[in-house]
Amino acid sequence: MVKLNLEDMSITPKNSDLSRYGIKNATVNWNLSPEQLQKITIEKGMGKETDNGTLAVNTGIFTGRSPKDRFLVKDEYTADKVWWGRINKPLDPENFDRLYDEVVKYLSDKELYARDGYVCADPKYRMNVRTITEYPWSNYFVNSMFLRLDDNEKENFEEEWLILCAPGYEAPDPSAIGIRQGNFSILNFTRKVALVGGSAYTGEMKKGIFSALNLILPSDKSVLPMHCSANVGEDGDTAIFFGLSGTGKTTLSADPDRKLIGDDEHGWTPENTIFNFEGGCYAKVIDLTEEKEPDIYRAIKPGALLENVIFKDGTGEVDYFDSSITQNTRVSYPIEHIDNIQQPSYAENPKNIFFLTCDAFGVLPPVAKLTPGQAAYHFISGYTAKVAGTEAGINEPVPAFSACFGEPFMPLHPTKYAEMLKEKMKETGVKVWLVNTGWSGGPYGVGSRIKLKYSRAMITAILKGQLDDVDYEQHPIFGLHMPKYCPGVPTEILDPMNTWLQKGVYVSKAIQLAHSFHLNFDKFVNQASDETFHGGPLIDAHQILDEAL
């Protein structure tokens, strides 16, 4: 029979003794409802409610992930799999064990919050996760972001992975145990533990499990993990959207005529289905308005968790334009807060994949169709551009590359994921498109940003198959295949060179960006296939352009 706490009606599992993890004499609150966790957070003075009853908290000194303090335990399972280096830093198993023992000692004798859930919506790939947190609102976040159990599943729950989140603990002697400073986020694939300490930023838990899946799924399950959003049409046609911050991924994947599968993390199975990893969304809210992002704006209601936002003086109203704490203000909410969603959150093989980029140099075409080799190359590159004025010291556009559109979370070498994508393209016939939501007619400060309605029109035309039979021409520098016609889009902007007054300046800027692609790809070239390598900008761009002009 299920054991109930009569005071709060939360369900305590049979294996509720935390001494199995080394945590002793703790008072444990199991699987509390969001309402209960919100009440406790307010009572402890750790949060505030907005006018509409949404919980808002401050995550303290860390308002984002700390990538320099992320480690993977290097042992028999990971040693020959992981792409070790700047992103994936190794930690000895012995040092992990020492740190783990310190954390569970710290958590002992405290009031803690435990939650059982799972990730991976496809039942075949489901992974059970138990999370034990020091703070009630950290547990609130987990309830939103991981997939939620039915009550009848909680009594006999057995976890595959364990998350221990102790924001109040800082390692007293970091160098002695092989870490950089007192805070840390560590994955141990043999013990199946994600250990977070010294940081209250909730994204460390989410991205820790995402990183774990990015190693486990391709290595053990032949599933391609993807940092992307996905939606599905009435006919079951799935579309996937990759893109770094500022490229329009959330905006363009939100379509009233299509159901959202998920907004951030998905797997592509050997059976050629797509599934969401999560049970919620974690969105930026800086400069948020209902007009710009109606789905996110309306999802901010009881059950959601706001992070590091500022209230207007003397009110419970959030000022979404105030970045005095951080530009990385966030909200997490269960996916059910979105009206038009796919339930359960998986669907059939995708028909179209979109790589979104915000090219502030204004040289990439608004839309281009990619070959398998080009798709692998641009997937590995993960290009967008930082716009002048967005960061201190940036006075003109700067190229930004993040392998697989999620390099900080990818334990394997990027070519592993890219080769899987390329094989999927060949096996299924899925089409891959590069969509530039950035500038046209010149770089940032000279040209103008491509209108959102044009980007939407391109994606709609692709989803309807309207670009399948049009004529294409090849870009002379990047080798990309550009349609000569797209419904709802001015023909003159489809070839970016046509939009520049000075063709020679365009050529110079395009070659400059192509060179940046080549420099970035140098670190991958030894493990990339010839087909992938030749999917990049044309090597003899100067000669080809001389002939073209």
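User: Which helices each supply at least two residues of the lining of the second largest pocket?

Analyst: In this predicted model, they are helix H6 (249-253), helix H7 (294-299) and helix H10 (452-463). H7 gives the largest share of that lining, with five residues.

User: How much space lies in this pocket, and which lining residues are the closest to its centre?

Analyst: The second largest pocket holds about 470 Å³ of space. It is lined by 26 residues, and the closest to the centre are Ala254, Asp255, Pro294, Asp295 and Ile338.

User: Which residues of H1 are buried, and against what do they pack?

Analyst: Gln36, Leu37, Gln38, Ile40 and Thr41 are the buried residues of H1. Their packing partners are E4, E5, strand E8 (111-119) and helix H3 (136-145). Just after H1 comes Gly45, which has a positive phi of about 70°.

User: How do strands E21 and E24 run relative to each other, parallel or antiparallel?

Analyst: Strand E21 (residues 305-307) and strand E24 (residues 330-334) run antiparallel and are joined by three bridges. Glu307 has Arg330 in E24 as its bridge partner.

User: Where is Thr329 placed, and is it buried or exposed?

Analyst: Thr329 sits in the loop between strand E23 (318-319) and E24. The relative accessible area of Thr329 is 2%, so this residue counts as buried, the cut-off being under 20%. Apart from neighbours within four places in sequence, Thr329 contacts Ala283, Lys284, Val285, Ile286, Glu307, Asn308 and Val309.

User: What pLDDT does the chain average, and where is the value below 50?

Analyst: The average for the chain is 93, and 95% of the residues score at least 70. Over residues 1-8 the pLDDT is below 50, and this stretch has 12 contacts in the model beyond near neighbours in sequence. Residues 541-549 also stay under 50, with 11 contacts beyond four places in sequence.

Key: Residues are numbered from 1 along each chain as its sequence is written. This is a predicted model: local features need pLDDT of at least 70, side-chain atom pairs count only at pLDDT 80 or more; totals for chains, interfaces and linings use all residues. Side-chain values use heavy atoms; hydrogens and water are left out. Two strands pair if DSSP finds at least two bridges between them. Helices (H or I, at least four residues) and strands (E, at least two) are DSSP runs, numbered from the N terminus. Buried means under 20% relative accessible area, exposed over 50%, partly exposed in between (1.4 Å probe, protein chains only). Contact means heavy atoms within 4.5 Å. pLDDT is the predictor's confidence in each residue, from 0 to 100. On a 1 Å grid over the protein atoms alone, a cavity is a set of points where a 1.4 Å probe fits but cannot get out, and a pocket is an open set with protein on both sides within 12 Å along at least five of seven lines; lining residues have an atom within 4 Å of a point. Grid points are joined across faces, edges and corners, and a volume is the space filled by probe spheres set on the points.
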